[in-house]
Amino acid sequence: MSDLEIRVNNYINNDLLNFNNIETNPLEGKDLKDSILNRLFSRKWSRKAQYEEAKKYTEEKVDNILNNNLEFLFCFCFGGYKHFWSPTYPEPDWAEIFTIKYLIEYVLPIAQTQDKSTKIEFESEEVALTYMNNTPQEGMDKYNKAFKDLISYVNSKVEYPIDLSVVLARDFYDKDELLKKMDKYLPEVKQRFDNLSEEEKTIRLKRAETNIMWNGKEDLTNLSEEERNKFIYNSRTLNEAFLDIDYELRGKEYFEKDNLIPLLGSFGLGAGGELWLHLASNSSSMVDFWAGMGILEVREDKIIQKTISQKQFEQIKDQLIKVDLNNNLTNISNNYSWIYVYEGKLPF
C-alpha cells in the first residue's frame, strides 16, 4: 500500500468509524434550558443563522421536554435516496457517515445531561419521488435498505446515551391515499405558486429541475423544451403539495410529538423550511448527504471530510484519487470499499 492509502485507511478505521471518540465539552451556563438552546442554535452547526420562527418553535419543544421530564427525540428529515448524479448511486456512501457522526456530536452534550437515552431518528421521505421526479423505486429501495443497515451498525457501536433509528414516511399511511389527496390539492398549490414573484418561481423551479431523473422510471430525454418546462413545473408543485399533505396525514401523530425536535439539512434554508432548524452536513460542508458524495480532502497536516455537489465533482473529478479501503461496512454497500481523495486544498 502507498503512504496515501495507509494514511486514508488509518483515518477511516481509527477515527471516522470510531463513533465513541467524540471530544465535546459539557453544556455551559447555569440554566440548562439556555445551555441546550445555545447548543442547538449555534452557527457552528448550521453555518447560517436559524430562522426566528424555528428558534421559537424549538424553544417551546425544549421547554416541554424539560418541564415534563421527557426524552429528547431529534428527527432529521431527509430525501431517502442517493442523487442519481453521484458515482455511488443508488446506495449510501461516506457522506452519510459524515452526517451521522456530526449529528451524534451535535446532540451528545445534551444527551449527557439526561437520565434517559436521547434519540436521533432519520426520517426518509421518498414515498412520492417516483411520482414527482421520475426516480425509479428500485433505486430508492436499495438506498433505504442499505441506510437502515448502516444506522443499525452505527447504533450497535455507539456507547453514548444515544439511540439511532430510521423511519419511512410511507409506513404512516397508504400511498394511494397520499397521491389522491395530492392530486385534489394540486390546483390550490399551483395557484399559490403562480402568485409568487418571478424571482422566487425561478429559484424553486431550478431546484426542482436538479432532482428530475430524465432517464429514470420513464425515458423523458426526448421531451421538447416546452414539455420539459411543464414537467419541471409539475414536479415543483407536486413537491409542495406532498409536503402539505404529508403533514396533514401524519403531523399530529409524528411531527407534533411532545418531545420531537425536527431538523433539516441545507434544504431547510429554502421555502417551507422556516419553522424547523437546519444543519450543515458535516463540519466543512453544506451539501446535503443524500444529494452529494462524501470524499476526503487530504492535506499535509490533516484530513477533512467533504460532501460535494455534482458541480463541485465535475470541477475536480480529474484530480480525484480512488483509494481502496478495508473496513466492516463493505457488507452493507460496496461503496464503503473505496473513497475518492483529493490531495491538497480543494478549490472551493
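Guide: In this predicted model, 48 residues line the largest pocket, and R207, N211, R236, N239 and F267 are the ones nearest its centre. Two or more lining residues come from each of β1 (73-78), α6 (129-133), α9, α10 and α11 (310-316). Helix α10 gives the most, with 10 residues. The space in this pocket amounts to about 1700 Å³.

Visitor: What makes a residue count as part of the lining of a pocket?

Guide: A lining residue has an atom within 4 Å of a point of the pocket. For the largest pocket, 48 residues line the space. By class they divide into 22 nonpolar, 13 polar and 13 charged.

Visitor: Which residues lie nearest the centre of the second largest pocket?

Guide: They are Y11, D15, E105, S283 and Q305, among 15 lining residues. Two or more residues are given by each of α1 (3-16), α5 and β7, and α5 gives the most, with four. The lining comprises six nonpolar, four polar and five charged residues. The volume is about 340 Å³.

Visitor: Why is a space called a cavity and not a pocket?

Guide: A space is called a cavity because a 1.4 Å probe fits there but cannot get out, whereas a pocket is an open set. Two cavities of 30 Å³ or more are counted. The largest cavity, of about 60 Å³, is lined by Y81, K82, H83, F84, L129, N133, T135 and N211. Its lining divides into three nonpolar, four polar and one charged.

Visitor: Which residues line the second largest cavity?

Guide: The lining is made up of T88, D93, W94, M293, G294, I295, N335, W338, I339 and Y340. Strands β6 and β9 are the elements that give two or more residues to this lining. Six of the lining residues are nonpolar, three polar and one charged. The volume of the second largest cavity is about 40 Å³.

Visitor: What makes β6 and β9 a pair of strands?

Guide: Pairing requires at least two bridges between the strands. Strand β6 (residues 293-298) and strand β9 (residues 338-343) have three bridges, in the parallel sense, so they pair by that criterion.

Visitor: In what order do the strands of the open sheet stand?

Guide: The order is β7-β6-β9-β8, with mixed pairing among the four strands. Because β7 (303-308) and β8 (321-324) each have a single partner strand, they stand at the edges, and one side of each is left without a neighbour in the sheet. From one strand to the next, the twist averages 40 degrees. Helix α5 (residues 94-111) packs on this sheet and touches β6, β7 and β9, its direction making about 80 degrees with that of β6.

Visitor: Why is α9 called roughly perpendicular to α10?

Guide: The axes of α9 (residues 198-209) and α10 (residues 225-255) cross at roughly 100 degrees and come within 9 Å. Angles of 65 to 115 degrees count as roughly perpendicular, and therefore α9 is described in that way relative to α10. On the α9 side, R204, L205, R207, A208 and E209 make the contact, and on the α10 side R228, I232, Y233, S235, R236 and E240. By class, the contact residues comprise four nonpolar, one polar and six charged.

Conventions
Residues are numbered from 1 along each chain as its sequence is written. This is a predicted model: local features need pLDDT of at least 70, side-chain atom pairs count only at pLDDT 80 or more; totals for chains, interfaces and linings use all residues. Side-chain values use heavy atoms; hydrogens and water are left out. Axes are lines fitted to C-alpha atoms, for helices over the stretch in contact, and angles run from 0 to 180 degrees between N-to-C directions. Contact means heavy atoms within 4.5 Å. Angles under 35 degrees count as roughly parallel, over 145 as roughly antiparallel, 65 to 115 as roughly perpendicular and the rest as oblique. Ala, Val, Leu, Ile, Met, Phe, Trp, Tyr, Cys and Pro count as nonpolar, Asp, Glu, Lys and Arg as charged, and the others, Gly among them, as polar. On a 1 Å grid over the protein atoms alone, a cavity is a set of points where a 1.4 Å probe fits but cannot get out, and a pocket is an open set with protein on both sides within 12 Å along at least five of seven lines; lining residues have an atom within 4 Å of a point. Grid points are joined across faces, edges and corners, and a volume is the space filled by probe spheres set on the points.
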